[in-house]
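The following note sets out points for a colleague who has the coordinates at hand.

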Amino acid sequence: GEKLFVPNTLVIFEKAKPSSGAAAPQNKDYPVAPIRRYKAIIFDAGEVLLHSDYSPAARKFAAYSQKTEAEIIAAMKKSEARKLSTVGAIGNADFIAAMKKELALEGVSDREFTMIFNSIYTPWPQMIGLARKLKASGFKVAVLSNITRLRQDYLLKSLPLSGEIDGFFTSCQLGLAKPDPRSYLFALDKLGVSSQETIFID
């Protein structure tokens, strides 16, 4: 169905369906779910507000490595250093050094590594626009995401919305990664809402 948002209320509509053998009216929507009151919408970052594409970054990293692009992508996705940084267990300098080793990179500066690594994600304009509309409609809007410290620092500077929303909660800040329930409870507490009043978009 299509979703229609109005202040503090989420109403779900879908195209009318035939009843008692009659043809459905054309171009008309009817409510199919009870109205529930919501106060907050929490977005994940990756593949929700941001689109990810590892290929361009892998292509650039391959110029500094003996690994193939496919091997680099696989290494980035299963990286132990990335897992540690995602929960704040290591800082940026240690993360970069460990990633360079895991990807067998030679001759790439920390600055260039950071630029290439952060280029994996780009803002998704339609979802950014949706978040802004929800905020303007009176909802509390926040981000809760599993990300490394390096990417967090980048997003806080470059992601549209970062200075406009009610909360930007990351696993590296909390020392907890989703789906740990404590990460969700932390975000709810900071927003001052209950789980029954919140929608999480993942």
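Predicted model: local features only at pLDDT ≥ 70, side-chain atom pairs only at ≥ 80, totals over all residues.

Over the face of which residue does lysine 77 lie?

1. Lysine 77 lies over the face of tyrosine 54, at 5.1 Å from the ring centre. A charge is taken to sit over a ring if NZ of Lys or CZ of Arg is within 6 Å of the ring centre and within 35 degrees of the ring normal.

2. Residues are numbered from 1 along each chain as its sequence is written, and side-chain values use heavy atoms, with hydrogens and water left out.

3. The count of aromatic pairs comes to six; rings of Phe, Tyr and Trp (its six-membered ring) pair if their centres lie within 6.5 Å, and planes under 30 degrees apart count as stacked, over 60 as edge-to-face and the rest as tilted. One of them joins phenylalanine 95 and phenylalanine 113 edge-to-face, 6.5 Å centre to centre with 70° between the planes. Phenylalanine 95 belongs to helix 4 (residues 92-102) and phenylalanine 113 to helix 5 (residues 110-118), so the pair ties together parts 18 residues apart in sequence. Helices (H or I, at least four residues) and strands (E, at least two) are DSSP runs, numbered from the N terminus.

4. Phenylalanine 95 is buried, at 0% relative accessibility, and phenylalanine 113 is buried at 0%. Buried means under 20% relative accessible area, exposed over 50%, and partly exposed in between (1.4 Å probe, protein chains only). Ring pairs link Phe61, Phe95, Phe113 and Phe117 into a cluster.

5. The largest pocket holds about 310 Å³ of space. A pocket is an open set of points on a 1 Å grid over the protein atoms alone, where a 1.4 Å probe fits, with protein on both sides within 12 Å along at least five of seven lines; lining residues have an atom within 4 Å of a point. Its volume is the space filled by probe spheres set on the points. Of the 16 lining residues, Arg82, Thr86, Tyr121, Asn146 and Ile147 lie nearest the centre of the largest pocket. Helix 3 (residues 80-86) gives the most to this lining, with three residues.
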